[in-house]
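Hi,

Here is the model I said I would pass on.

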Amino acid sequence: MDGTDRTGSTRRGFIGGAAAVAATAAGTAALGGPAAAAAPRARPAAPGRRTGSGAQTVAVLGGGVAGLTAAHELAERGYRVTVYEKKAPGGKARSMDVPGSARGGRKPLPGEHGFRFIPGFYRNLPDTLRRIPFPGNANGCHGNLVASTEVMLARIGHEDIRLPFRSAGKPPPLLTPDALRRALTGFLDAFGNIPVHETAYFVSRLLVWLTSCDARRTGAWERTPWWEFIRAARMSPNYQRLLAIGITRNIVATKAEVASTKTVSTCIEAFLFNALGRGADGEPDRVLDAPTNEAWIDPWVAHLRSLGVTFEIGPAVRDLRIAGGRITEAVLQDPSGAKRSVTADHFVSAMPVEHARTTWNAQVRAADPQLARCDKLQTDWMTGIQFYLTEPTPVLHGHVNHIDSPWSITSVGQAQYWSGRDFRADYGDGAAADCLSVDVSEWDRPGILYGKTAKQCTREEVAREVWAQMKAGLNDTGRTVLSDAKIHSWFLDPAVEIGGPRPVNDEQLLIHPTGTWHNRPSARTAVPNLFLCGDYVATDIDLATMEGANASARAAVNALLDASGSRAGRCAITPLYRAPELELPKADDAIRHGLGLPNAFDLG
């Protein structure tokens, strides 16, 4: 026995009460209560033309969440859709087989780019999940979502903070500014190690955001770094670590000194309303009950094929050619290096921004200036590594934020959620019993083992360094939570190529420095048959997420329907929840903003 306490009762503090927002403010892994009515299903109100030789054709360039969503919505409306995807359907959301890991008729060990996390404030993606048939589930793949119940902020050399992460048992009936102040103060009191006056100040800054009009949000707060907005420089180290650095490095994958207040605060606001039972699809933290491909992507692809969607896997999009103001063809390059062209009536660019913008030549960019602005959008590395363990090791029933780790690590034990599956019997060689999935958000800071950044390490060194950083936060109280002897193997995302003079990551993450919002494009372009979708396209969630990818795809499809004169019903796009009680303070702030006055709650 290694001394692991399966009940989780240690000297590490477990804070009771409604503390979901405290977990958010400290930075949960990525991006309640009585769930509100589900988002309206995005079914066509009137049938489009049937799939067949007379139907309009659409080339969807990219098969991630955005591309598959667009294909889904278009196929339901009678369009002939072909999805072109370089690697595999699902993009960064997919799971992938660990090569050579299967034995004895078992499936390969499941690897992934990073663990899936589907908050309850997502509304558009859950609607799509409900519309993907899954055997035995009345609500399709949505029935494969299970809620986590807690979160841990693992500190190095400090007491860890373990918090329930679920909706409030009895949300306040009216979300007035005073009610919100009391609720937020109660949530943040759960930390216990931030000075009271600093907690009060942080709450006051959140009230400034919550009562700010849209013009102030997209103007002043989009251009204000989160660090500056919450006055982190003048506060205690715990305030800086938990409320400034943690949230930006572990949710938004950028640095507090440069992260947009609009992006960070939008995320906090969404989690807050989710925790208070407002406008939510479910509990604040939900994961899938199986590897992503089994629970979601494979059934989705099968359903799309049943709707007539075809897939071409392998070719990379290299160029879009334009003539007469329209895209006439897309140039593809097959894995062999051979190039060919494909034609369609409409083109939906559904690739990540760092790949999509390489396909917009000078003529295409000249046709729509918003495409050139995408060059200013920035991406960074946020990449996953999985550790397969020989014994079940559920650190807790939820995500762990290794808040003091130099590489901004978050993790979750996955097998505990995979009901109906025996990990040892179903995957690998029979020796692995669990999968600890880890996201690494900081690749440019020195680690604790080798003194090198993650980009400077070999793959083996990255695995050892990540494991050491997790142990530093979890094994520092005399209890062995992670044991070296339990490591069976590990798998690092193959999109990462490191150890050489030029590190490469083919699957990066959009980040959100100040001003980013104003460079994000809309789904509709000035080219009448070219449409954009992906997590970089402007949506109200303002964060690189699967929800943003899904919502942008719906917007792209609606624009395509308009352009083609379709009579089919438009896709429903459910915005983030807005508390009606706060609309009056926001209206007052709009007047103040127009007069050049600060927000009424902004005391500096």
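Below is what I found, going from the whole chain to single residues.

A word on the ground rules: this is a predicted model, with local features needing pLDDT of at least 70 and side-chain atom pairs counting only at pLDDT 80 or more, while totals for chains, interfaces and linings use all residues. Residues are numbered from 1 along each chain as its sequence is written, and side-chain values use heavy atoms, with hydrogens and water left out.

**The whole chain**

The chain has 17 helices and 24 strands; these are DSSP runs numbered from the N terminus, helices being H or I of at least four residues and strands E of at least two. Of its 604 residues, 62% count as buried, where buried means under 20% relative accessible area, exposed over 50% and partly exposed in between (1.4 Å probe, protein chains only). The accessible surface is about 21400 Å², and carbon and sulfur atoms hold 54% of that. Those areas come from the Shrake-Rupley method with a 1.4 Å probe, and for residues only the protein chains shown count as cover.

Two strands pair if DSSP finds at least two bridges between them. Strand β12 (residues 326–333) is joined to β13 by four bridges, and A330 stands opposite V342 in β13.

**A buried strand**

Strand β16 (residues 383–389) is the one I'd look at next. Seven of its seven residues are buried, so β16 is largely enclosed by the rest of the structure. In a regular strand, side chains alternate between the two faces of the sheet. Here T383, I385, F387 and L389 point one way, G384, Q386 and Y388 point the other way, and all are buried.

β16 runs antiparallel to strand β19 (residues 434–440), with seven bridges joining them. It also pairs in the antiparallel sense with strand β20 (residues 487–492), over five bridges.

The axes of helix α6 (residues 214–221) and helix α9 (residues 261–275) come within 8 Å and cross at roughly 135 degrees. That makes α6 oblique to α9. For the cut-offs, angles under 35 degrees count as roughly parallel, over 145 as roughly antiparallel, 65 to 115 as roughly perpendicular and the rest as oblique. Axes are lines fitted to C-alpha atoms, for helices over the stretch in contact, with angles from 0 to 180 degrees between N-to-C directions.

On the α6 side R217, T218 and W221 meet T261, K262 and E269 of α9, contact meaning heavy atoms within 4.5 Å. By class, that contact has one nonpolar, two polar and three charged residues. Nonpolar covers Ala, Val, Leu, Ile, Met, Phe, Trp, Tyr, Cys and Pro, charged covers Asp, Glu, Lys and Arg, and the others, Gly among them, are polar.

**Two positive phi values**

S408 is not a glycine, yet has a positive phi of about 50 degrees. You'll find S408 in the loop between β17 (398–402) and β18 (409–413), and at 4% relative accessibility it counts as buried.

D542 also has a positive phi, near 50 degrees, in a residue other than glycine. D542 lies in the loop between β24 (530–532) and α16 (546–564), and counts as buried at 1% relative accessibility.

Cheers
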